[in-house]
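Dear colleague,

Please find below the structure that I am handing over to you, with its sequence. My notes on it follow directly after.

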Amino acid sequence: MNIRKYIQLAVIVILSAPLLTSCLGNDDDSYDYTAWKNANEDYFLRMTDTVSGGKKVFEKITPVWAPGVYVLAQWHNDRSLTENNLVPMDNSTVDVVYKGSYYNGVVFDSSYSEVDSIRTFTPTSLIVGFWTMLTNMHVGDSVTCVIPQNAGYGVSSTSIRPYSTLVFDIKLKAIKTYEVPNK
């Protein structure tokens, strides 16, 4: 092959590369999340106003350090039985069992895939909504927590869809380390 044919082949490859890559997959950046965002926001508002037996199903929980943010909590246990148990601090190490799903019920994460179903966290290492919920639970509490996107992953994440309202079923099993000293 002479040099002219190599140049022609190189030009063809360079010009056709964008066509090939556009056929390989759907670039997530071009996806229109408007319908998803609206559905998630509508779900969160519905849960905020959900009433059963004349009483709101979900309690609003707002962290002191972020007054514009709140999560919704539906308790599944008699909290009077756990009220004397410890509540984690921001830097405690806790054992939890949980399942995380999107508003539509699709599960994206679960500790139940682990052998003993328990995962260990420090609240400050988690999204704001999960952190807020953990630091308002007593050991032994069980809750369904609805987290709006501004207390979750927001508009960008590598594994969670943008604008997602998240629903976590959480049980606080233990506080392994109550307070981790500052370093």
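Leaving aside residues up to four places away in sequence, M133 touches I61, V71, A73, W75, V143, C145 and I170; contact here means heavy atoms within 4.5 Å.

Before going further, please note that this is a predicted model, in which local features need pLDDT of at least 70 and side-chain atom pairs count only at pLDDT 80 or more, while totals for chains, interfaces and linings use all residues. Residues are numbered from 1 along each chain as its sequence is written, and side-chain values use heavy atoms, with hydrogens and water left out.

M133 also belongs to the largest nonpolar core, which has 30 residues; M133, L134 and I170 have the most contacts inside it. A nonpolar core is a set of buried Ala, Val, Leu, Ile, Met, Phe, Trp, Tyr and Cys residues joined through side-chain atoms within 4.5 Å. Buried stands for under 20% relative accessible area, exposed for over 50%, and partly exposed for values in between (1.4 Å probe, protein chains only). Two or more residues of this core come from each of β4, β5, α3 (128-134), β8 and β9, and β9 gives the largest share, five residues. Another core lies apart from it and has seven residues, among them M47, L72, V146 and V167. Helices (H or I, at least four residues) and strands (E, at least two) are DSSP runs, numbered from the N terminus.

Helix α2 (residues 34-49) has 16 residues and spans 23 Å from its first C-alpha to its last, close to the expected 22 Å; the expected span is 1.5 Å times one less than the number of residues. Its buried residues are W36, N40, Y43, F44, M47 and T48. They lie on the same side of α2, because they cover an arc of only 140 degrees around the axis, taken from the directions from the helix axis to the C-beta atoms. The buried residues of α2 pack against β2 (55-56), β3 (59-61), β4 (71-75), β5, β8 (142-147) and β9 (166-177). On the face turned away from the buried side are the exposed residues A35, L45 and D49.

A39 is also in helix α2 and counts as partly exposed because its relative accessibility is 22%. Between A39 and S164 there are 9.1 Å in space, C-alpha to C-alpha, although they are 125 residues apart in sequence.

Finally, strands β5 (residues 93-102) and β6 (residues 107-110) run antiparallel and are joined by three bridges; strands pair if DSSP finds at least two bridges between them. K99 stands opposite S110 in β6. The two strands form a hairpin with four residues between them, and G105 in the turn has a positive phi of about 90 degrees.

With kind regards
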